[in-house]
Amino acid sequence: MRLATSENAIHVQGLGAALERWLRPGVGFAHPRDVLKDPDLNGDEKRAVLASWASDASAVQDQVGLRWLLGTAEPVPLEDIREALARLDRSAGEQGGGGSL
């Protein structure tokens, strides 16, 4: 998985930030729509980040409708993550595969 370790990302963000994002894919995303817009991620990589975000492991205690992915600034509604995954599915269907948004 390439994520933010591309040469351009290292140049723009610095090696430390790029490696941090490689180790914790949610770093740098404030909202699931930011994952969809990331030009460095392909469809499968976007799905992996969104799936991690949606998982129960990212659930906020006593707030079943919120998810807080390690490396993100604050929790987001689970519904926003589901909507991003649905958009990714629609895009992949329109492009006939694991397309990128």
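Helices (H or I, at least four residues) and strands (E, at least two) are taken here as DSSP runs, numbered from the N terminus. The structure is a predicted model, in which local features need pLDDT of at least 70 and side-chain atom pairs count only at pLDDT 80 or more, while totals for chains, interfaces and linings use all residues. Residues are numbered from 1 along each chain as its sequence is written, and side-chain values use heavy atoms, with hydrogens and water left out.

First, the overall layout. The protein has five helices and three strands. Read from the N terminus, the elements go α-α-α-α-β-β-β-α. The chain has 101 residues, and 34% of them count as buried (under 20% relative accessible area; exposed means over 50% and partly exposed is in between, with a 1.4 Å probe and protein chains only). The accessible surface comes to about 5900 Å², and carbon and sulfur atoms own 53% of that; areas come from the Shrake-Rupley method with a 1.4 Å probe, and for residues only the protein chains shown count as cover. As for contacts (heavy atoms within 4.5 Å), take those between residues at least 6 apart in sequence: 41% of them join residues at least 24 apart.

Next comes the sheet. Two strands pair if DSSP finds at least two bridges between them. The three strands make an open sheet in the order 1-2-3, with antiparallel pairing. Strand 1 and strand 3 (76–77) sit at the edges with a single partner strand each, so one side of each has no neighbour in the sheet. Strand 2 and strand 3 run antiparallel and are joined by two bridges. On the way from strand 1 to strand 2, the loop holds Asp-62. Its phi is near 65 degrees, a positive value in a residue other than glycine. Asp-62 is also exposed, at a relative accessible area of 71%.

Back to Arg-67, then. Its bridge partner in strand 3 is Val-76. Arg-67 counts as buried, with a relative accessibility of 5%. What does its side chain meet? Two backbone oxygens lie within reach of a polar contact (a pair of N or O atoms within 3.5 Å; within protein, one must be able to donate a hydrogen and the other to accept it, and residues adjacent in sequence count only if both atoms are side-chain atoms). The backbone oxygen of Ala-54 is 3.1 Å from a polar atom of the Arg-67 side chain, and that of Val-64 is 2.9 Å from one. Beyond its neighbours within four places in sequence, Arg-67 has contacts that include Trp-53, Ser-58, Val-60, Pro-75 and Ile-81.

Charges come next. Side chains of opposite charge can pair when their charged atoms come close. A salt bridge is a side-chain nitrogen of Lys or Arg within 4 Å of a carboxyl oxygen of Asp or Glu, and a search of the whole structure finds three. One of them links Asp-56 and Arg-67, with the closest N and O atoms 3.3 Å apart. Asp-56 belongs to the loop between helix 4 and strand 1 (59–60), while Arg-67 belongs to strand 2 (residues 63–67), so the pair ties together parts that are eleven residues apart in sequence. Asp-56 is exposed, at 64% relative accessible area, whereas Arg-67 is buried, at 5%.

Another salt bridge joins Asp-89 to Arg-47, and here the closest N and O atoms are 2.4 Å apart. Asp-89 is in helix 5 (residues 78–95) and Arg-47 is in helix 4, so this pair ties together parts 42 residues apart in sequence. Both partners are partly exposed: Asp-89 has a relative accessible area of 43%, and Arg-47 has 30%. Glu-83 and Arg-90 form a salt bridge too, with 3.2 Å between the closest N and O atoms. Glu-83 is partly exposed at 37%, and Arg-90 is partly exposed at 44%.

Finally, there is Lys-46, a residue of helix 4 (residues 43–54). Lys-46 is buried yet has no salt bridge. The nearest side chain of opposite charge is Asp-38, 6.7 Å away (Lys and Arg count as positive and Asp and Glu as negative; His and the chain ends are not counted). What does the side chain of Lys-46 reach? It reaches the backbone oxygen of Leu-36, at 2.8 Å.
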